[in-house]
Structures are given as C-alpha cells and as structure tokens.
Amino acid sequence: MERLKDLVEFNPLCEEASLEGCGIDAVEPLMPLLQRLSRLRTLNLGCNHITRLPLDMSSLQQLQTLDLSSNPIKGVSYVIKGLMSLPQLRHLSVELPFEVEEDEIILALHTLETFNGTDLLTPPDSSP
C-alpha cells in the first residue's frame, strides 16, 4: 500500500504501476488510490494473495494491461464483472482453476488482444 501511496503523491501521472509481490489480498481497498492515477495504462498485481476483483473497476478508464498472474483467484465468477468493467483492457494475465474458465474470459472480453501472453488477434497457422 505504501508503494501505491508514493506513486499517487509523487507521480500521479504515471502510466505504469507495479504492486507485484506486495502481499495484497484485496483490490477493493486500493481502488480510491488507483483511480487517482488518471493515466494508468499498466497495472501489475502479480504474485499477491488476490482471490477476487471488485465488481466495478470502471474508474480505471485508461487501463489496458492487467497482470494478475500468480494469485489464487477462486474462479471466473470472482473476476469477470470487474474485468468487464475495464473499457480499454487489451492485455490480461490471470490463472484460473479450470481452463474452461479461461476460455470464458476470452469470449466475454471482446477487447482483449492478448491473454496470458497468447496473441488473440493473429489466426493460428493452419498450414499442414
């Protein structure tokens, strides 16, 4: 939380924020500070203890890249509404308990260009 407070105070126009490995277990309490970063495009929340996302993250209007990797996300139902509320989200990294849940996210988030490092825009090579 200190790292985020410092960003808001000393660099409120930053486009990237890394809170990787900060022991975060909930995103909801961070939202008032995160929304003050009006130009935030990339947010790394990897390697924490996050199990769910807030239902509404729409105040992060510019967010394009979100890294939730290495968090114990409980399942798609705990993150999908929050992810769908991010209008500019293009790149997402998140591990879910079941592969079918990852497919559900890809189908629900039409703006995604990459998911867990996989390009979703380029058709797979169909040559034999």
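Where do K5 and E2 lie? Both are in helix α1, which covers residues 2–10. They sit three residues apart, about one turn of the helix. We'll come back to that pair. One caution before we go on: this is a predicted model.

Let's start with the overall picture. The protein has four helices and six strands. Read them from the N terminus and the order is α-β-α-β-β-α-β-α-β-β. The radius of gyration is 15 Å, close to the 14 Å that the globule rule gives for 128 residues, so the protein is as compact as a globular protein of that length. Along its principal axes, the C-alpha trace spans about 55 × 25 × 25 Å.

Of the 128 residues, 38% are buried. The protein exposes about 7,300 Å². Carbon and sulfur atoms supply 50% of that area.

What about contacts along the chain? Take the contacts between residues at least 6 apart in sequence. Among those, 55% join residues at least 24 apart.

Next, charge. There are 9 positive side chains and 19 negative ones. How far apart are the centres of the two sets? They lie 10 Å apart.

How many salt bridges does a search of the whole structure find? Three. Let's take them in turn.

Here is the pair from my opening. K5 forms a salt bridge with E2. The closest N and O atoms are 4.0 Å apart. Remember, this pair stays within helix α1. Is E2 buried or exposed? E2 is exposed, with a relative accessible area of 54%. K5 is partly exposed, at 39%.

On to the second bridge. R41 pairs with E15, and the closest N and O atoms are 3.8 Å apart. This pair links distant parts of the chain, 26 residues apart. R41 is in the loop between α2 (31–34) and β2 (42–44). E15 is in the loop between α1 and β1 (16–18). So look for two loops on your screen, R41 in one and E15 in the other. R41 counts as partly exposed, at 31% relative accessibility. E15 is partly exposed too, with a relative accessible area of 41%.

E113 is partly exposed, with a relative accessible area of 28%.

Where is L86 placed? In the loop between α3 and β4. L86 counts as buried, because its relative accessibility is 3% and buried means under 20%.

Which residues does L86 contact, leaving aside its neighbours within four places in sequence? M57, L60, L63 and L66. There is also a distance to look at, between L86 and Q64. In sequence they are 22 residues apart. In space they are 8.1 Å apart, C-alpha to C-alpha.

To recap. The model is predicted. It has four helices and six strands. The search finds three salt bridges. K5 and E2 pair up within helix α1. L86 is buried, at 3% relative accessibility.

Key: Residues numbered from 1 in each chain as written. Predicted model: local features only at pLDDT ≥ 70, side-chain atom pairs only at ≥ 80, totals over all residues. Heavy atoms only, no water. Rg over C-alpha atoms; globule rule 2.2 N^0.38 Å. Buried < 20%, exposed > 50% of the residue type's maximum accessible area, 1.4 Å probe, protein only. Contact = heavy atoms within 4.5 Å. Areas by Shrake-Rupley, 256 points an atom, 1.4 Å probe, with all protein chains shown as cover. Lys, Arg positive; Asp, Glu negative; His and termini not counted. Charge placed at Lys NZ, Arg CZ, Asp CG, Glu CD. Salt bridge = Lys/Arg side-chain N within 4 Å of Asp/Glu carboxyl O.
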